[in-house]
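Subject: Structure for you to look at

Hello,

Here is the structure I said I would pass on. Please open it first, then read the notes below it.

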Amino acid sequence: MINKALDILKNIYGYDEFRKGQRYILEGILNKRDTLGIMSTGGGKSICYQIPALLEKGITIVISPLISLMKDQVDTLKILGIKGGFLNSTVDRNEYINIVRGLKSGNIKILYVAPERLNNEKFIELIRDIKISIVAVDEAHCISQWGHDFRKSYLEIPKFIEKINQRPLILALTATATTKVREDIIEKLKMIRPYVYVDDFDRENITFKVERGVNPEAFISKYIERNKNKSGIIYVSTRKEADSLYSYLKSVKKINVGKYHGGMNDEDRKITQEEFLKDNIKVMVATNAFGMGIDKSNVRYVIHRNIPKDLESYYQEAGRGGRDGAPSEAILLFNEEDLGTQEFLIENNEETNDLLKKEKREKLKIMEDYAYTEGCYREYILKYFGNRIIKNYCGNCGNCKNLKEVENLTEPGQKVFSCVGRAKEKIGISTLVNILIGKKDSKIERKEYDKLSTFGIISQDKREWLEEFINYLILEKYLIQDAGSYPILKLTEKAMEVLKNIKGVYRRKNEKIIFDFYEDETF
Ligand code: ADP
Ligand code: ZN
């Protein structure tokens, strides 16, 4: 079967071989399995349903939300000599009759249908007599409320499938799906034991970085100046912000930048976009309105001036860099106060209900955690998109690159925190140190702290190091000192996360805390 598919690929489409994802997806569907394919845009999803449509006896119904694209798709099929048709609100009576004829005579193999049309009585009656082999659902994430583009009309699809005489195979395709959306697609479409293919989402040539607490304007202008001949995009979260950053760079810093946002008229947007594509403008300051359908291959950096609303948006926007495969940098500037803007947008969006608001808050939290993660940025993103992670290190992100100078102190950190916890948060620094290195004193004996499992788990000769380390943990807010005549130590949420293995304790090597600047002056 796959050989026949390959013949079609060569003879009709003129391509030599299938892409990896196409082969997987075709394998699933040609083996009569419901199949879910998650492939990036441009990955070649059309072929995944067009070729099975040609190989299967009955017709294939393709459900797509993009009415404007249906005609193009069908015209392309015509050029290839494939019989297709489409049904949506733009189809008039005569065309409808033609389609009915085509379906009944077998002259149409692929029918594109808008989801709104599916449960139209006339249509249901029509397809009752026709063998439908495959229902292909394009942009399948639209069926999930957890996705970024939920469409109510997509809920018509499972109802429609139930009305078909003989259950067809279901093929669901989408470019964006987190683990949660993926599970939702399978459930909502009632897919049976589906064969699932997830594209490798990694963009190896992009270096991910986060800059916390820098002055954004200063950082951005310096970055642009240091990368003078390179093309880049600076994303901001509001039109107002785009206007002000644009004027700052242009008027104050005299940098040749362009501006793009939804508040500008079509003409201006078109001109700036073209100038950017032609490299007459190297840098674009833009809101998320910029980028849809723009294919500029040599973007060398994408800087986010503000935190975006979720990791999907971030990855998509950052991914506009390095399309040519050459190195590109994706830098997120993180300032606490920008979270406020996103939270405001969530709370004040009248279209969303409470469930969606909750989901959006969760997504924002995941985005925030990205900015704080000590681990590999790439791994963090890929995990979110459900890719399997083999190694714990990419070597090409801000955190992995810095790893040489960083010490992993998670294990001693856990020992310290668990000791504080076992002593019921009733001890100060000196007692804590004595318990850990196993040195009995009268208090320890009186309170029986020597019976704790953490008694003596750190070697005696590490005393000095341990004292300094505990001070570091206080400075980094893993521990707080309860004020009083005898300050006792308490665990913070951050320490709890280390105990639960959610986060680690990392520290730059050779970093010493200087408690008193004057003491050391004479060496
Ligand atoms: P998607 O729907 O996933 O965004 P398309 O189906 O529109 O992607 O395909 C994207 C491009 O890739 C098209 O120009 C298509 O002709 C091309 N393409 C698809 N499959 C192959 C292949 N096996 N070999 C080479 N080019 C391909
Ligand atoms: Zn990494």
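Tyrosine 372 lies in helix H14, which spans residues 354-372; helices (H or I, at least four residues) and strands (E, at least two) are DSSP runs, numbered from the N terminus. Is tyrosine 372 buried or exposed? Tyrosine 372 counts as exposed because it has 10 C-beta neighbours inside 10 Å. The cut-offs are these: a residue is buried if 20 or more other C-beta atoms lie within 10 Å of its own, exposed if 12 or fewer, and partly exposed in between, with C-beta atoms placed from the backbone. Phenylalanine 334 is 38 residues away from tyrosine 372 along the chain, and their C-alpha atoms are separated by 9.0 Å.

This is a predicted model, in which local features need pLDDT of at least 70 and side-chain atom pairs count only at pLDDT 80 or more, while totals for chains, interfaces and linings use all residues. Residues are numbered from 1 along each chain as its sequence is written, and chains are lettered from A and ligands numbered from 1 in the order in which they are written.

On confidence: pLDDT is the predictor's confidence in each residue, from 0 to 100. The protein chain averages 89, and 94% of its residues score at least 70. Where pLDDT is low, the predicted coordinates should not be read in detail. The scores for the model are ipTM 0.97 and pTM 0.61.

The protein chain has 523 residues, of which 36% count as buried. It contains 21 helices and 17 strands.

Now the sheet. Six strands form an open sheet with parallel pairing, in the order E8-E13-E12-E9-E11-E10; two strands pair if DSSP finds at least two bridges between them. At the edges are strand E8 (206-212) and strand E10 (257-260), each of which pairs on one side only.

Strand E9 (residues 231-235) runs parallel to E12 and is joined to it by five bridges. In these, isoleucine 234 has isoleucine 303 as its bridge partner, and glycine 232 stands opposite tyrosine 301. E9 also pairs with strand E11 (residues 283-286), in the parallel sense, over four bridges. There, isoleucine 233 stands opposite methionine 284.

Which residues of E9 point one way, and which the other? Ser231, Ile233 and Tyr235 point one way, Gly232 and Ile234 the other, and all are buried. In a regular strand the side chains alternate between the two faces of the sheet.

Last, the ligand. Residues around ligand 1 include Tyr15, Phe18, Arg19, Gln22 and Lys45; a residue is near a molecule if its C-beta atom, placed from the backbone, lies within 6 Å of it. Helix H3 (residues 45-55) gives the most to this shell, with three residues.

Regards
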